[in-house]
Amino acid sequence: MADLKNKRIITVALTGAWPKKENNPNVPMTPAEIAEDAYQCWKAGAAMAHMHMRDDNGNGTMDVNKFRETVELLRKNHPDCDIIINMTTSGDLNATEETRQIHLKELRPEMGSYDCGSMNWMNSGLFINSPKFLEELGKNMQEWGVKPEIEAFDPGMIANAAYYLKKGVLKAPLHFQFCMGCANGIVGNTKNLVFMKETMESLCPGSTWSCFGVGHSAMEIMYAAVAMGGHIRVGMEDNVMYAKGQLAESNVQFVARAKRVIEEFGCEAATPDEARQILSLK
Amino acid sequence: MSWGPCMMYYHCPNCGKKFSYATDLIPEFGGDFGKCPVCHTDGVYEKEGARTLDDAEYAEVE
């Protein structure tokens, strides 16, 4: 077995629910674009693809058929690609609790997002993850063999994950995604990342973690995560700008930079199979 | 699900300059957040939201 302590998992968040072509014309929107982008990012070093879907107008959707078409295209066109599929459960603020999880039941991805609390969203809407929904989703994900990626936008969501762990709704070892710099969430900086990590280690020892920063904190959070032993997420869901005044050309561009940072630090980007071992997926 | 940085857009009532700040920088700017980068007058709030291509009209204060 390879020395997994030296490995860092790159997750690429390809699309998200918000950026459209007017934000960045290079955002993949259709199942064909998303599937091809996942493949190219895998070749560039990503071990996991976090997937959202868009409807025909470019809006976020939880349409199971879009998820199915994307995965089928990826498997059909690129049978060599073993990237870990991680499907969102929060791709449309107006989706029902049923439509937020039916794709997990039908398609059984290896991972799915689990947003561990509610918040005001971008100062404009409600991002609701009710206790009833979280309990049902956690139990269903266990039954369906889909590992939750626990998205924590602030330390309270880590505490909430600990509660669900004690209740049996979630099963150890947990894997966290610290979402930093989002409006109404924790500010993205190294000091706060240390606090998030220490909170996790205190409340949910033995967990693995990844993180990303949106906007100005993107690079600081990436460098800090690599130095602190965490894994990293990049991609157009979180940032449509590659650098100040420079639109991202592709998700591959983000993945390639993340891989360079990891290697310059003296570590290596984990392969999907190495990531599966780190995350206890098999 | 994330949603990139939230931008707040202003114009200066004194010199007319259009400018924007990202809300994730509120801790860094403190009381200077929302001030005109040219004459330091408090800006007049116009709108907010995700970054768009017409942001070029506004000078981003960083």
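At what angle do helix H7 (residues 218–228) of chain A and helix H8 (residues 251–265) of chain A pack, and how far apart are their axes? In this predicted model, local features need pLDDT of at least 70 and side-chain atom pairs count only at pLDDT 80 or more, while totals for chains, interfaces and linings use all residues. Residues are numbered from 1 along each chain as its sequence is written, and chains are lettered from A and ligands numbered from 1 in the order in which they are written.

The angle between H7(A) and H8(A) is about 40°, and their axes lie 10 Å apart. Helices (H or I, at least four residues) and strands (E, at least two) are DSSP runs, numbered from the N terminus. Axes are lines fitted to C-alpha atoms, for helices over the stretch in contact, and angles run from 0 to 180 degrees between N-to-C directions. H7(A) and H8(A) are therefore oblique to each other; angles under 35 degrees count as roughly parallel, over 145 as roughly antiparallel, 65 to 115 as roughly perpendicular and the rest as oblique. Their crossing is right-handed, a term used if the near helix is turned clockwise from the far one by less than a right angle, with anticlockwise giving left-handed. On H7(A) the contact involves Met222(A), Tyr223(A), Val226(A) and Ala227(A), and on H8(A) it involves Ala258(A), Val261(A), Ile262(A) and Phe265(A). Residues are in contact if their C-beta atoms, placed from the backbone, lie within 7 Å. This contact has 8 nonpolar residues and no polar or charged ones. Ala, Val, Leu, Ile, Met, Phe, Trp, Tyr, Cys and Pro count as nonpolar, Asp, Glu, Lys and Arg as charged, and the others, Gly among them, as polar.

H7(A) also packs with helix H6 (residues 190–203) of chain A, at an angle of about 45° and with axes 10 Å apart. H6(A) and H7(A) are therefore oblique to each other, and their crossing is right-handed. Thr190(A), Leu193(A) and Lys197(A) of H6(A) are in contact with Glu220(A), Ile221(A), Ala224(A), Ala225(A) and Met228(A) of H7(A). By class there are 5 nonpolar, 1 polar and 2 charged residues in this contact.

Helix H5 (residues 155–167) of chain A packs with H6(A) at about 15°, again with axes 10 Å apart. H5(A) is therefore roughly parallel to H6(A). The crossing of H5(A) and H6(A) is right-handed. Pro155(A), Ile158(A), Ala159(A) and Ala162(A) of H5(A) contact Phe195(A), Met196(A), Thr199(A), Met200(A) and Leu203(A) of H6(A). Of these residues, 8 are nonpolar, 1 is polar and none is charged.

Chain A also holds a closed barrel of 8 strands with parallel pairing, in the order S2-S3-S6-S7-S10-S11-S12-S13. Neighbouring strands are turned by 25° against each other on average, direction ignored. Tyr114(A) has Ile150(A) in S10(A) as its bridge partner.

Between the chains, 26 residues of chain A are in contact with 17 residues of chain B. The chain A side of this contact has 10 nonpolar, 12 polar and 4 charged residues. The predictor assigns the complex an ipTM of 0.74 and a pTM of 0.93. Chain B has an average pLDDT of 90, and 95% of its residues score at least 70; pLDDT is the predictor's confidence in each residue, from 0 to 100.

Notes. Two residues are in contact if their C-beta atoms, placed from the backbone, lie within 7 Å. Two strands pair if DSSP finds at least two bridges between them.
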